[in-house]
Structures are given as C-alpha cells and as structure tokens.
Amino acid sequence: MPIWTHSRLETAEACPLNYCWSYLERRSGYSIASGAGRIGNTVHSALETLIKNPGDNVEVVLLRAIMAHNLTTQEELEALTFRSKVEAFTQRFHAWRQKHSVEEDQYWVERKLAMDAEFEACSYTDRDKAFFRGVIDLAAMVTKKDGGKILFLWDHKTGEPTDIKEKAKQFHGYSILGLATYPDVDEVRCAIHYVKTGQIIFFPQKFSPETIRAELQNGLMDRIKNAEEIASLNDPPAVESWKCTFCQYAPVCPLKGGAAP
Ligand code: SF4
C-alpha cells in the first residue's frame, strides 16, 4: 500500500500518465530541476532557518542557502532579491507569535505530519502505519482566552499569487493531518504566504473538527479511490493540465510529440 500525499493525489488527478510514470513505475532520468524550482527551494530553506533563528544575519543565511542549492549566477541574483521579504516575514511572524503568546514549543517549521488509515496520528517515518502524510511549511497553535485552540498552517510560495480556492484540496489534507495530530484543536486555519509580494492570504473557510470528520475525510478517501482506479488502468492517458509546465516527461510525452520510451 502506498503512503498517500497531496502531491501524489494531485498528480493522479492532473495527468494519469504522469502519475503512472512518476509514482507507479518511478521512471527516472528525466528530472530537470528548473531554475525557478532551485530558487524556490533556496528561499524556503532561508525562511526556515531564519524563522527558527530570528537573530541570524539574513544575508549570511541566504548566501548559505544559495551555496547549498548550487544556483547559477543569474539565479543567485534572483534569490538575493528575496532578502527583504524573507526578513520582513520572519519579523512579522515573531511579532504575531508574541501578540498571541505562542510559546517556543507551540510553533513548528517544516512540520512533518502523518496518520494511519483510521485518521490517527502516527510517526511520519512509520512505513507500516502511515497512510497519508504531509509536510507543513509553518504551523502554530494559538490558545484563546477561553482555552479554545486554533491551529494555523502556512504554506510558503515563491511563485506568483493564484486563486486561493485552487488550494482547497491541499488545505483539506493539511487540516485532516492537523486534527489527527492535535485532536483537541477547535479550529484549523490555512494560509498561503506569497514570499515575493509579502501577502498572506487565508483560505476563506475555517475548518472545525466536525467539518473535517464529516466532509474532508470523506473527500480524501474519494481522492484515494480515484487514484487507485487510475493505477489499475492498462493504458493511462496523457492529459493536458497545469502539470505540463513542470513535467519532466514532456520530451517523451505522446501528447507533446514525443515517443513514449
Ligand atoms: S507533459 Fe503533460 S500530458 Fe504529458 S505526461 Fe507530462 S503532465 Fe502528462
């Protein structure tokens, strides 16, 4: 049984052929880490370091991340343009954290969450138990004056802002994992932090435990069933989608004029 992730399900939904080659046959050798991808990983890594260590020098942190991700000179210049944004978000997050009395042990950078098939939390690395898992860029638990708990989940994006509603399935998955991990939470709120513009856009719906259990968990199981059906196809079709822009298989995709190997 595979360990399901939002990325895996999203790939199956976008293009069955890509899903088959990426996740079932695990065809490798086509991988082309794009410049945008390398810059994104660099900025993510610098953000993680700075949020964990807000006193560190932002320039040094960014330069270290640039070296670790092997950027070209042009990519390096582009990554350096994020300097003030990375610094501003770090300051903003810690000011927000202090305002809401979020202690050191109540926020998490790159939080790895996993659950079993009964929606109970389990270890991220437990391959026998883990059924669905995900990595949340930044998470924080706020305890309200009345004792109620709100779990905030953020995803950093270095690309251009898009319609937040397109992230619904991703946030549903995160919220299910959040409730599995923190069953006493009263509400889950999800947001995208667009690093380039500094915008933080919240998903309009706040998820209660009741909604997560009654609606989102069923939705996740439907997605998994759909991916299992795609996996059983003898000849999975190539489907034009947003995925094509980043697809490593484009040179050999029949839809793009390539001959499937
Ligand atoms: S290029 Fe597009 S259609 Fe072809 S395999 Fe990749 S995602 Fe599918």
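Visitor: Let's start with A140: is A140 buried or exposed?
Guide: A140 is buried, because 20 other C-beta atoms lie within 10 Å. Keep in mind that this is a predicted model.

Visitor: Where does A140 sit?
Guide: A140 is in strand β2, which covers residues 132-143.

Visitor: And what does A140 touch, not counting residues up to four places away in sequence?
Guide: Those contacts are R97, V102, Q106, Y107 and F152. G40 is another matter: G40 is 100 residues from A140 along the chain, and their C-alpha atoms are separated by 22 Å.

Visitor: OK, how about I136, buried or exposed?
Guide: I136 lies in strand β2 too, and I136 counts as buried because there are 21 C-beta neighbours inside 10 Å. Leaving aside neighbours within four places in sequence, I136 is in contact with R111, L113, L153 and Y174.

Visitor: Switching to β1. Where is K112, and what does K112 touch?
Guide: K112 lies in strand β1, residues 107-115. Not counting residues up to four places away in sequence, K112 touches Y124 and V135. Also, the C-alpha atoms of K112 and G134 are separated by 6.0 Å, and these two are 22 residues apart along the chain.

Visitor: Why does K112 count as partly exposed?
Guide: Because K112 has 14 C-beta neighbours inside 10 Å. The buried label needs 20 or more, and the exposed one needs 12 or fewer.

Visitor: What part of the chain holds N70?
Guide: N70 is in the loop between α4 (58-68) and α5 (73-80). N70 counts as exposed, because there are 11 C-beta neighbours inside 10 Å.

Visitor: Since you bring up α2, how many of its residues are buried?
Guide: 7 of the 9 residues in α2 (16-24) are buried, so helix α2 is mostly covered. The buried ones are P16, L17, N18, Y19, C20, W21 and S22.

Visitor: What covers the buried residues of α2?
Guide: The cover includes α1 (6-14) and α8 (209-231).

Visitor: Now helix packing. At what angle do α3 and α6 pack?
Guide: About 35 degrees, with the axes of α3 (residues 35-52) and α6 (residues 83-99) 10 Å apart. The crossing is right-handed.

Visitor: Which residues make that contact?
Guide: From α3 it's V43, A46, L47, L50 and I51, and from α6 it's V86, F89, T90 and F93. By class, that contact has 8 nonpolar residues, 1 polar and no charged ones.

Visitor: Which residues touch the most other members of the largest nonpolar core?
Guide: V43, A46, V86, A139 and L153 do, in a core of 60 residues. V43 is also in the α3 and α6 contact. Leaving aside its neighbours within four places in sequence, V43 is in contact with A79, F82, V86, T158 and V195.

Visitor: Last topic, the ligand. Which residues come nearest?
Guide: C15, A238, C244, C247 and C253, out of 15 residues around the ligand. By class, that shell has 10 nonpolar, 2 polar and 3 charged residues.

Visitor: And D235, buried or exposed?
Guide: D235 counts as exposed, because it has 7 C-beta neighbours inside 10 Å. D235 lies in the segment after α8, and its C-alpha atom is separated by 53 Å from that of K144, 91 residues away along the chain.

Note on methods: Residues are numbered from 1 along each chain as its sequence is written. This is a predicted model: local features need pLDDT of at least 70, side-chain atom pairs count only at pLDDT 80 or more; totals for chains, interfaces and linings use all residues. A residue is near a molecule or strand if its C-beta atom, placed from the backbone, lies within 6 Å of it. Ala, Val, Leu, Ile, Met, Phe, Trp, Tyr, Cys and Pro count as nonpolar, Asp, Glu, Lys and Arg as charged, and the others, Gly among them, as polar. Axes are lines fitted to C-alpha atoms, for helices over the stretch in contact, and angles run from 0 to 180 degrees between N-to-C directions. Helices (H or I, at least four residues) and strands (E, at least two) are DSSP runs, numbered from the N terminus. A crossing is left-handed if the near helix is turned anticlockwise from the far one by less than a right angle, and right-handed if clockwise. Two residues are in contact if their C-beta atoms, placed from the backbone, lie within 7 Å. A nonpolar core is a set of buried Ala, Val, Leu, Ile, Met, Phe, Trp, Tyr and Cys residues joined through C-beta atoms within 7 Å.
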